[in-house]
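Dear colleague,

Please find the structure below, followed by a short account of what was found in it.

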Amino acid sequence: TCQNIVEICEGVQITQGPAERSGLKESSMATARLLAASKAEFLTSARQQLDILGTLYKRLPPKYLRRSNTYMQIPSPLLRSPVGVKGRSSDGDSDNGRDSDNGSDGTKKGSAKRGSFDAMVARIQEYADDIGTITNPVLSEALATDERFDQIYLRTCDQATQYYLDCGRKRFAQVLHGDMAQLHICRERWQEAAKILRPLIPAGGTAGLGVMDVHLLERLAVCERRLGHSEKCLEYVLWLIANSQYLDSGSREMYAAMLIELAHGLPGPDRRAIPPAALFSVPGVEVADREDTLCIVATVHSNVAKPVVAGAVEAVLIAGSGEQQLEVVLDASDVELSPGANRVSLTTDSISCPGRFVVRSVRIAIGMTDTTIVVSNPNTRHCVRLNHHPTNPVLTVRPAPTASADGPSALRLSIATHGTHVDPGMRIRLFSADGGPLVDEQRSGAPAGCSFGEDGALVVDDALAAGTQTEIHLVLVRKLATEEVTVYAELETRGEARMVLESRMVEFLPPLSI
């Protein structure tokens with residue numbers, strides 16, 4: 001009847017002549033919207049009738065009605081349990097894996113909803129004898145096969161959706177679109193369901209979604225995974241984790257497990273960058289004093305509901321600016337990040353760069369994905385002061401006396417190997433504050449056991465044993481009074497590359513004779 005009323009209204013408008021329709025054209029927008037709303041309500045009632053008939057004639061899967069919005073709007077007499085009928089689950093399957101016993105807020109309201117659903121089905125069966133024989137040939141044909149029923153059902157929903165959009169009730173249209181997609185999911189028509197759902201999801205859904213958006217997003221993630229679109233499914237799973245306040249605990253753990261599985265299952269060799277806001281944050285970084293290595297401790301907060309093993313965690317520290325900017329990387333591998341706060345020790349054996357550094361970013365690698373937390377706000381940056389690496393060689397400079405007041409200044413370079421054996425070929429460069437070279441190769445000559453490379457670097461030709469100290473006298477390119485001197489050394493110890501960098505202010509000595 002409801003469907004017929006809408007069709008009659010449409011027919012009257014079509015058969016009217018131009019003069020008769022002119023009044024409608026001149027009617028206000030409010031009247032047009034009211035007419036569209038009325039049609040939408042009639043079609044929604046027709047759809048509810050199809051829900052009842054489809055349930056009675058087993059053309060609708062029980063899990064569809066349990067997940068759809070319709071049966072919650074069916075008149076209350078149909079929701080009263082008949083005598084002897086208790087709430088039970090006739091279909092425990094969940095098309096997206098969510099716990100059917102829990103509501104979206106983690107309570108047991110899902111059990112009450114399921115009981116109402118079973119009560120509705122029982123009540124429909126109770127009234128089966130009162131329905132009698134269906135005389136409408138179109139409806140009889142629809143109830144004969146699932147395919148024909150779906151055609152009429154989806155067409156009715158689509159018409160109602162269009163009228164809801166015409167009258168500005170977009171949320172009602174979104175509900176119907178979601179139910180249409182749900183029917184496709186129950187029939188395992190993943191492509192058709194995804195085609196309906198994709199336009200419904202707000203762009204950039206990492207935050208700020210509503211509860212209805214999250215429910216639609218859950219269904220879309222199921223479709224993308226069934227279609228083999230792992231990267232799109234991973235994207236939607238990240239959005240769900242970012243809006244986990246609308247998920248129950250079981251769903252949070254399920255999507256956490258799905259995140260880990262998808263991240264490790266992505267094809268290589270290219271790694272994928274994922275936004276960090278949904279997963280991790282770094283509220284603090286501090287220096288840890290250790291006798292064997294240079295170490296900082298980063299506090300990594302995980303929003304993932306299950307422990308995640310990160311293949312690598314790297315912190316990039318910077319000092320200076322422009323061309324003189326220095327970058328230091330400290331890392332750790334195979335780090336388990338539990339839900340909540342985690343203290344992660346990051347170390348380096350290849351760099352010794354004492355000084356004050358700013359933490360620029362922290363990268364966390366999970367499977368074939370990388371999430372990078374970039375600290376760009378000066379008010380939230382983490383500053384640390386690094387000391388000498390306890391096992392790396394230490395290079396220091398101090399002023400050396402010169403013979404003439406008119407001649408250039410001189411330096412004495414000291415290399416203390418500490419507990420590290422240095423392989424032959426260590427390369428050393430000395431720079432002034434403006435980045436220019438300091439050593440005069442011609443006047444310095446070739447110190448014992450050393451030579452100058454083509455790029456002007458001082459090369460230590462001999463190996464330096466652990467626990468030894470070597471001093472080298474160097475003549476500079478000009479006369480200096482006070483200067484900040486930077487020493488940069490590249491070396492290998494037992495074949496492992498290392499780097500040492502140190503800067504200090506040097507006050508040069510007056511000449512021996514004036």
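How many helices and strands does the secondary structure of the protein come to? There are 14 helices and 18 strands, taken as DSSP runs (helices H or I, at least four residues; strands E, at least two) and numbered from the N terminus. Please note that this is a predicted model, in which local features need pLDDT of at least 70 and side-chain atom pairs count only at pLDDT 80 or more, while totals for chains, interfaces and linings use all residues. Residues are numbered from 1 along each chain as its sequence is written, and side-chain values use heavy atoms, with hydrogens and water left out.

Of the 514 residues in the protein, 46% are buried (under 20% relative accessible area, with a 1.4 Å probe and protein chains only; exposed is over 50%, partly exposed in between). Among contacts (heavy atoms within 4.5 Å) between residues at least 6 apart in sequence, 70% join residues at least 24 apart.

The axes of helix 3 (residues 29–56) and helix 8 (residues 146–166) come within 8 Å and cross at roughly 155°; the axes are lines fitted to C-alpha atoms over the stretch in contact, with angles from 0 to 180 degrees between N-to-C directions. The two helices are therefore roughly antiparallel (over 145 degrees). Residues making this contact include Leu43 and Leu50 of helix 3 and Phe149 and Ile152 of helix 8.

Finally, Pro390 lies in the loop between strand 10 (383–386) and strand 11 (394–400). Pro390 is partly exposed, at a relative accessible area of 32%.

With kind regards

Methods:
Parallel < 35°, antiparallel > 145°, perpendicular 65-115°, else oblique.
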